[in-house]
Amino acid sequence: MNESQIMDKLEGIFRDVFDKPDLKLTKETTPGQIDEWDSLNTINLTVAIEDEFQIKVAVSEQKELKSVQSIVELIKRKIG
Amino acid sequence: MNTDVSSCLNYPFDVRQILQKKKALKRDLLAKKNQNWIEKKIAILGGSTTAEIKDILELFLLKDGIRPIFYESGYGKYYEEAVFGSQELQAFKPDIVYIHTTNVNISSFPEIFESVELVQKKLVAEVDRYKQIWTKIENDLGSVIIQNNFELPRNRPLGNLDASDERGKTNFITKLNFHFAQYSQEHKSFYINDINYLSAFFGLEKWSDKRYWYNYKYALSYHAIPLLSHNISRLIAGIYGRTKKAITLDLDNTLWGGVIGDDGVERIKLGKDTPEGEAFTEFQKYLKELRSRGVLLTVCSKNDEEKAKEGFSHPDSVLKFEDLAYFVANWKPKPSNLESIIRKINLGPDAFVFVDDNPVERAHVQVSFPQVEVPNMSEDIVDFIDHIDGAKYFEPIDIVADDLQRNRYYKENLAREEFKSIHLNYDDFLSSLEMKAEIGAFKPLYFDRITQLTNKTNQFNFTTKRYTSEQISLFGTDKKYLTLYARLEDKYGDNGLVSVIVGSVEGTRLNIDLWLMSCRVINRTLEFAMIDELVKSSQERGIETIIGHYIPTKRNQMVAEKFRELGFGLVSSGDQGSVWELTIGKHYLKQNRFIKVGE
């Protein structure tokens, strides 16, 4: 899976989790740009990402899911 | 079967969709038209994080027409807020308190070096700690309590001994759960949310996800939350009478394998001779158990009537024709037959579950009756029981004697209906019923039934107020209230306790706060016998005026003008309802003509 495919899937997840059907996601998107990107929604994001990409985020890696950039890197690393 | 987004909330749940789209789901559910919403205040006292449990619970409640307002305790503060009180919680006045505790909240497990006596003491101390919470909530808040029992431990340093040795955690939890169960049997308005069952059903290995515990303090995995929240929602639906009451079944390939019209009764698949036959018999057994606790079984089949009936005479048919509250077999479209079933049984469509192996029939019925639950049965008979059981349509919160008689009541009612059709004059029909009523003030013996009836009656119900069993027993004992119940019997049988009045006394005035009647006995003039009795008891208490209130809902249109029929005069009316008044003179004329009244 290449990066743009990953970004497409991530965008779908972000749109659902934040209920913003028009949301445009880039690697530069940060929690500051999405109002509701707080710790509670981070869990929903994590669970959705795990289910979508069939990966498991280790207990020590949860803190990496705090920007789109780091999420993409984590996914790339996990799916190899 | 529903094709909207919220179909992911139907059993079997689409967990991913629910978790990922919860915001859109909430929006859609709130936008649903023609919902007969009730609002309930629910306080969640958590022993671990509860945010997601609350969000998903909200979805399932909205689906049942219950609009929740939530209060969440501070993180892990279930004990402190209940026992030492919280002004915020007190001010919130919850209808329901849900205590989400799990085995991480057990304060002291036994240790392997401890004596049996010490372990026993620990058990008592743990149970007492929870009893302290429950007693305090009961006294300070008077809310209904929903309490989790405990899931078994995922890991067992003691191995199999963990279950059998007194010092094992599994052993300890099993005993705690037993004590919780016992408390629930001894206390009204206290219900166990059985997470011991849920976690076993889901699989303990999947039930918890320690990553979410260490990172976010969730005591169960996100994927298990829909199952948990759904289960809580079913208890709440049960408490407020929003559960299903009747099931309408197809015959061919639903109650037995094969097509009776083609195969004949001797060749349909039922019983131990074939694997499928065994599965159909098992399904019938499950239905029979539902029936025995009060769920009404009805049949809607495309068949020749006589042929269809023959199926029940098969030696391996667990269900007998007499078990059915109503039976329709003909070649008309199913929605029109279902309509006549709904009318005959005299419950709303939202009380029905429609079960059919044929997806075309299901779709047809669902389109015609959006309020009927139509489970999307799989093709394999083996899954039928799980589809119904997992959806928890009929969740009973307790079993009162009346439930066990329900099928009989309905059958007797149908006999009366038939009889009615040969009597042209309704008065003659009423006289011929030889009705006898027992009318009197509430008695402790009837508190349970009165509570049950109060919380599920929608049509003949002037105010649709719901009360807990504590409130009902208060009305029955406090002199500020004047209460009446009525039982009605006729030559076809006993209908049981079917009507309830609660009035509050204010000097020489009596306000009718609650008056409802079971749909079983509507149009039998029982209300006239009751108003006579109400006037009599009022006179004995020095009351001069009886005030009636009508608060309209989507379902109680039938009583909008009832007070007028009963001789009341209209005082005022508006959007919020109407107020009526009856001045009791010395020469009140009795209105009851058809019912012999005694106590």
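Which residue is the bridge partner of Ile145(B) in β5(B)? It is Phe190(B), and that pairing is a handy way into this predicted model.

**The five-stranded sheet of chain B**

- Chain B holds an open sheet of 5 strands, ordered β2-β1-β3-β4-β5, with parallel pairing.
- At its edges stand β2 (66–72) and β5 (190–193) of chain B; each has a single partner strand, so one side of each lacks a neighbour in the sheet.
- On average, neighbouring strands here are turned by 25 degrees against each other, direction ignored.
- The pair from the opening question belongs to this sheet's β4 and β5: strand β4 (residues 144–148) of chain B is joined to β5(B) by 4 bridges, and the two run parallel.
- Helix α12 (residues 225–239) of chain B lies across β1 (38–46), β2, β3 (96–100), β4 and β5 of chain B, and runs at about 155 degrees to β5(B).

**The four-stranded sheet of chain B**

- Another open sheet has 4 strands in the order β8-β7-β6-β9 (chain B), again with parallel pairing.
- Its edge strands are β8 (326–330) and β9 (352–355) of chain B, and because each has a single partner strand, one side of each is left without a neighbour in the sheet.
- Strand β6 (residues 246–249) of chain B runs parallel to β9(B), and 4 bridges join them.
- Within that pairing, Ile247(B) has Val353(B) of β9(B) as its bridge partner.

**Where chain B meets chain A**

- The contact draws 18 residues from chain B and 23 residues from chain A.
- Together the two chains bury about 1800 Å², with 47% of it on carbon and sulfur atoms.
- On the chain B side, the residues that lose the most area to chain A are Gln20(B), Lys23(B) and Arg211(B), together 36% of what that side buries.
- Between chain B and chain A there are 5 salt bridges.
- Arg211(B) also forms a salt bridge with Glu50(A), where the closest N and O atoms are 2.5 Å apart.
- Four helices of chain B, α1 (15–20), α2 (22–31), α3 (51–63) and α11 (210–216), each supply at least two residues of the side that touches chain A.
- Of the elements on that side, α11(B) gives the most, with 5 residues.
- Sorted by class, the side of chain B that touches chain A has 8 nonpolar, 3 polar and 7 charged residues.

**Salt bridges in the whole structure**

- Over all chains, a search of the whole structure finds 45 salt bridges.
- One of the salt bridges links Lys63(B) and Glu373(B), with the closest N and O atoms 3.9 Å apart.
- Lys63(B) sits in helix α3 of chain B and Glu373(B) in the loop between α17 (359–368) and α18 (384–391) of chain B, so this pair ties together parts that are 310 residues apart in sequence.

**Backbone details to look up**

- Tyr11(B) and Pro12(B) are joined by a cis peptide bond, with omega about -10 degrees.
- Pro12(B) lies in the segment before α1 of chain B.
- Lys93(B) has phi near 50 degrees, a positive value in a residue other than glycine.
- You will find Lys93(B) in the loop between α5 (87–92) and β3 of chain B.

Conventions
Residues numbered from 1 in each chain as written. Chains lettered and ligands numbered in written order. Predicted model: local features only at pLDDT ≥ 70, side-chain atom pairs only at ≥ 80, totals over all residues. Heavy atoms only, no water. Pairing = 2+ DSSP bridges. Contact = heavy atoms within 4.5 Å. Buried area = accessible area lost by both parts, 1.4 Å probe. Salt bridge = Lys/Arg side-chain N within 4 Å of Asp/Glu carboxyl O. Nonpolar A, V, L, I, M, F, W, Y, C, P; charged D, E, K, R; others polar. Axes fitted to C-alpha atoms, helices over the stretch in contact; angles between N-to-C directions.
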